[in-house]
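This report describes selected local features of one protein model. Please look over the sequence and the structure before reading on.

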Amino acid sequence: QVQLAESGRGLVQAGGSLRLSCAASGLTFSSYTMGWFRQAPGKEREFLAAINWNGGSTEYADSVRGRFTIARDNAKNIVYLQMNSLKPEDTAVYYCAASRSWIQRVYGYWGQGTQVTVSS
């Protein structure tokens, strides 16, 4: 059974930093592209960042490029999202997800989400 478990939820002031982690089990982690998404109340789910199987390729949404960094540790089966210069509009539930392919990304596995709140 595949499980993705996010951690690192928190309340942080604008301008602050937070690191989210997503621990994966039940899949060959090093074979999967991993992604981070978020969903704010009343808004659609938004893609944030993706990383390929070995970390050699990454992709970011314009809204977070230069502020957020995705990384992975295949030895620990964990993907991270380092978030810097946080803004109140970054407040959302953050999700990690796994895709078998980098080129044709279909995220078949999702975590339960973790809340990030940025105060002004």
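## Basis of the description

Strands are taken here as DSSP runs of at least two residues, numbered from the N terminus. The model is predicted, and every value below should be read with that in mind.

## Two loop residues with positive phi

N77, which lies in the loop between β7 and β8, has a positive phi of about 60° although it is not a glycine. With a relative accessible area of 24%, N77 is partly exposed.

A positive phi, near 50°, is also found at S85, again a residue other than glycine. S85 belongs to the loop between β8 and β9, and its relative accessibility of 43% makes it partly exposed.

## A buried arginine

R67 is placed in the loop between β6 (58-60) and β7 (68-73), and because its relative accessible area is 12%, under the 20% limit, R67 counts as buried. The side chain of R67 reaches the backbone oxygen of S85 at 3.0 Å, and R67 also makes a side-chain to side-chain polar contact with D90, at 2.8 Å.

When residues up to four places away in sequence are not counted, R67 touches Q82, M83, N84, S85, L86, K87 and D90.

In soluble globular proteins, nonpolar side chains tend to be buried together. The largest nonpolar core of this model has 30 residues, and those with the most contacts inside it are W36, L81, M83 and Y94. At least two residues of this core come from each of β3 (18-25), β4 (33-39), β5 (46-51), β7, β8 (78-83), β9 (92-99) and β11 (114-119). M83, one of the residues with the most contacts inside the core, is also among the residues that R67 touches.

## Aromatic rings and the charges over them

The structure holds 5 aromatic pairs. In one of them, the rings of F37 and F47 have centres 5.6 Å apart and planes at 70°, so the pair is edge-to-face. Because F37 lies in strand β4 and F47 in strand β5, this pair ties together parts that are 10 residues apart in sequence. F37 is buried, with a relative accessible area of 9%, whereas F47, at 23% relative accessibility, counts as partly exposed. Together with Y107 and W110, F37 and F47 form one aromatic cluster.

Two arginines are placed over aromatic rings. R45 lies over the face of F37, at 5.8 Å from the ring centre, while the charged end of R105 sits over the ring of W102, 4.0 Å from its centre.

Methods:
Residues are numbered from 1 along each chain as its sequence is written. This is a predicted model: local features need pLDDT of at least 70, side-chain atom pairs count only at pLDDT 80 or more; totals for chains, interfaces and linings use all residues. Side-chain values use heavy atoms; hydrogens and water are left out. Helices (H or I, at least four residues) and strands (E, at least two) are DSSP runs, numbered from the N terminus. Buried means under 20% relative accessible area, exposed over 50%, partly exposed in between (1.4 Å probe, protein chains only). A polar contact is a pair of N or O atoms within 3.5 Å; within protein, one must be able to donate a hydrogen and the other to accept it, and residues adjacent in sequence count only if both atoms are side-chain atoms. Contact means heavy atoms within 4.5 Å. A nonpolar core is a set of buried Ala, Val, Leu, Ile, Met, Phe, Trp, Tyr and Cys residues joined through side-chain atoms within 4.5 Å. Rings of Phe, Tyr and Trp (its six-membered ring) pair if their centres lie within 6.5 Å; planes under 30 degrees apart count as stacked, over 60 as edge-to-face and the rest as tilted. A charge sits over a ring if NZ of Lys or CZ of Arg is within 6 Å of the ring centre and within 35 degrees of the ring normal.
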